Structure formats: structure tokens, C-alpha cells
Amino acid sequence: MSLQMVTVSNNIALIQPGFSLMNFDGQVFFFGQKGWPKRSCPTGVFHFDVKHNNLKLKPAVFSKDSCYLPPLRYPAICTFKGGLESERQQYIIHGGKTPNNELSDKMYVMSVVCKNNKKVTFRCTEKDLVGDVPEARYGHSIDVVYSRGKSMGVVFGGRSYIPSAQRTTEKWNTVADCLPHVFLVDFEFGCSTSYILPELQDGLSFHVSIARNDTIYILGGHSLANNIRPANLYRIRVDLPLGSPAVNCTVLPGGISVSSAILTQTNNDEFVIVGGYQLENQKRMVCNIISFEDNKIEIREMETPDWTPDIKHSKIWFGNNMGNGTVFLGIPGDNKQAVSETYYFYMLKCAEDDVNEDQKTFTNSQTSTEDPGDSTPFEDSEEFCFSAEANSFNGDDEFDTYNEDDEEDESVTGYWITCCSTCDVDINTWVPFYSTELNKPAMIYCSHGDGHWVHAQCMDLAERTLIQLSEGSNKYYCNEHVKIARALQTPKQVPPLKRPPLKSLHKKGSGKILTPAKKSFLRRLFD
């Protein structure tokens, strides 16, 4: 195993915990930037170009018939071999965190429609699901099993927000384990079916999943309910006869306690587990080899790489699989330096290759990462971003037209959503009016119906009232829904009545002359 530092030549701020890497015929693409796509890359997908340990992000292109793909973080991703020759390899994307801090329940299919020496053109379509649709989640896994000439997607684990009836302004971002149900998804017809297996008792997130033929192996993971990382190893087998599918689960010995580990494949029957956490405040520095032989799985420790002092002393790390036995790792920068990068990045090569450095073919496998965010040292972060429509690049544009100077500074522009019909927060010029969370907009949660967020600025809420609402647990109703149920709604300011001139008063009096006493009374009345 060899560890090499990678220099990021442009847009290093886009690489944040929660990103994904996808491989299409040897080319790796970056997906899941923090925040919405910028003007320079409205698709939010970048070519992950690594040459001589130098990384450059080059914007990708989508076809005009593609649907919009938001920059999802912590989604479940897997490869799927389609039947058409032009779509031999596809990527299935499910769930994840959207930029407005909601969780997605949508499923997208990405494929390559055009490829030349300069750029790759993608097509993204949204797959509608019916039946037992998995709830919106993140930190879960999706894999594809093949049985009897048929294929089926398998969704398991993850986290979701607590039910809407329990979500108050205080606990709006509280997450919980998803139920330990196994979902089978038919990619052709979009049918989804839920299965309850008695062996799966606890919800797990940020686990490792490996799919081989008709079997999926679930390893490790984190349970929020018990705050443990159980050393479990499950084998889920899916049989796809002509009738209804049959799903069974077996608990195997030899599991390991780890969450947020990165899985990379070194050959057909061998995988390597890198990184992750074994405790809430302790990284797992040990690497493991997972080997398969005659449908038997074996997990054993392997020689650890020569970790640098920065990696050893860092409290957090994250990354993803680049394929070909290579893992991309990131750690926070050194805040002690006068000029410091947000993150430092490394490439860990778990398998030696005989090919030239510039000719290496990377493969990708689904993996999850935990975000060093606000709630716990290693778990998920909560933030608000804004949404926008996607535009496709001009077909004649080349990757090298990307200009990092075009990027907006999110620290001053803030985040944007349309909160009401009269929302006047500008997507480009929004400046924090007042905020309790650094540069995030001051917002309040309206409890009408399923609930929605509104800007305190658009609701004419005073800062004192906003603080009062954020500290309490009372329900709030915005200006549009206050007539339905009144609570702590701030009354609208009533403009003062204009004092009409005496001439108009004289006209309204039907020709009668006002005495000085009546004039004085009317002035006091209107004043």
C-alpha cells in the first residue's frame, strides 16, 4: 500500500464530506458538491482528472433531454448494466441530502450518451417509484442483484428526519434510524416492495455493502438508537423466480465494528476496507481485506499504510473509492498556519499496477461517508442551500473554459429559497438581514400542513421575536396561513391614516360649513 498527497489545482472548496465518485469507462467524475451548482458548472458534476498527483476538476455536460440532478450529498450509488448497447453501464442514485437541507426520496439514472477526447455527455432521468416507496433518507446503500436472468435493486438502512408531526422549530433537523426494512426495486417498471427480515433488528447507516450475483453482504454501520457500531455481518440473498421474489437473511460470524468505511475492489474476488470510525471519537486506522471463495466470505487485517502524522492526529477523515484499488482521502487543513487549505487530500493505492500512471482505469463502488458537522464530531451536518434550474453547456464548450474566479463566495451570498409568494430575497444579491447561524438566513418554521420554512425578513419578524420563537416550542404560522390558526404571529404594521385637507372635509360635509369646534375634533380624531 502506498500513500501519496494530491494537489488540487482548482475548486478545492467544492470537495466536502458527503461527495461521491462515479466511473464511466475509466473516467472518474465528482458529484455532490456543497451548495448548488455555480454558474461555471450548472450541472454540478465534474471530471475528476488526476495526473501526476495533481487533481483538476473539469465541468461535465448533460444532454438537453436530461432532468435536473441536484448536488446530493450522502446518497446511495451503485452501478447497473443496462440492456442497450449505448447504455451498457449506468449509475443508480437514490436519496441523499438536497441543498435546502431536505432529504430526497427520488431515484435517478445516469448514463453516457456521447464521449470524445474532450468531454463526456451524460443523460440523467428520474425513475418514478410505486408501491412500498422507501422514505427519504441518506447514509444508506443501494446494490443490484442478478438472479435467474433478472436484476433487482436492493435498498437498505440510512437515516431520516423524525416524523413531521414531531418536528418543531427546535427539533427540525433531528434524525433517526430508518426501519431495518429491505426494499426490492424493479428498475424496469419502478415497482418497490418492502421486506421485514427477523434477523435485521436495528436500523444501520454508513455501513459497507458488497453485492455479488444474487447476494448482498452488509458489514458494520452505526445505530443512532443505541449509539453503537455493532460488529455485524449479514448475508441477504435474493431469489428472483417467475413469481414473487424470495428474500432471506443470515447472520454470519467475523464481522467488524466500523462506520463510514470506504470500500475499494482490488480484483474479482477481493475488496479492501479503508478508513471509517470504530468509536465516536476514534478513527479506525486498521485496513481489512475481504475475500470471496466458493460463496464464502473471509475478513482479515492487512498491513496498514504509512499514515502521515497529519492523518494520524486528525480527528476526522472522509473520502470515496476511485476504483482500481485506489481510495481518495481528505482531512481538515491545519488551522495553525497563516494560510491554510480547508482540506488536504491523499490517494491511497491498495493494489499495484503495471500500467502507466496516465493510463490507469478507475472503477467505482458504492460507499458512504459521515460528515464532521454540527451535531456530533463525525456524523451528519445540517445546512441550508438554495435551488436553481439546471442549464446545459454549449456543445462546443471545452472543459478548460472553466474559470474558478466565476465562483461566488457562499460566505457572503448566503443561501436562498422561495418561502412565500411575496418572497423578495434575491438569489444573487442576498445579504444576511439578521441571523443566528453565522451567514445562514434567519428563518422560522411554519407549522401549517406538512410545514415549510419562511424567511424572517419576508415575514416582517423582529429579531427579538425570532429569538423568542427559536427558543420556545410553540407553533408558528406565517403570514399566508395565520388566518387558519393564530399563534405567535407578529401583527402587521398598520400604516398611519393620512389627515385629509379641510377642503376635502368640506366636500364630504354635503355643503355644510364646519365650525371651529368640529374642525378641532376631526383633527384630534385623525391624529
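Okay, let's start on one strand, β2: Ser20, Met22 and Phe24 point one way from it, Leu21 and Asn23 point the other way, and every one of them is buried. Keep in mind that we're looking at a predicted model.

So why call β2 largely enclosed by the rest of the structure? Well, it runs over residues 20-24, and five of the five are buried, so that's where the description comes from.

Now, who does β2 pair with? That's β3, residues 27-31, in the antiparallel sense and over five bridges.

Okay, zooming out. The protein has five helices and 32 strands. Of its 527 residues, 52% are buried. As for contacts, take those between residues at least 6 apart in sequence: 59% of them join residues at least 24 apart. The accessible surface comes to about 25,800 Å², and carbon and sulfur atoms account for 48% of that.

Ring pairs tie together a cluster made of Phe19, Phe30, Phe46, Phe48, Phe318, Phe328, Tyr343 and Phe345.

And which charged ends sit over rings? One is Lys97, with its charged end over the ring of Tyr138, 4.8 Å from the centre. Another is Arg212, whose charged end sits over the ring of Phe292, 4.5 Å from the centre.

That's me done, over to you.

Notes. Residues numbered from 1 in each chain as written. Predicted model: local features only at pLDDT ≥ 70, side-chain atom pairs only at ≥ 80, totals over all residues. Heavy atoms only, no water. Helix = DSSP H or I, 4+ residues; strand = E, 2+ residues; numbered from the N terminus. Buried < 20%, exposed > 50% of the residue type's maximum accessible area, 1.4 Å probe, protein only. Contact = heavy atoms within 4.5 Å. Areas by Shrake-Rupley, 256 points an atom, 1.4 Å probe, with all protein chains shown as cover. Phe/Tyr/Trp six-rings, centres within 6.5 Å; stacked < 30°, edge-to-face > 60°. Lys NZ or Arg CZ within 6 Å of the ring centre and 35° of its normal. Pairing = 2+ DSSP bridges.
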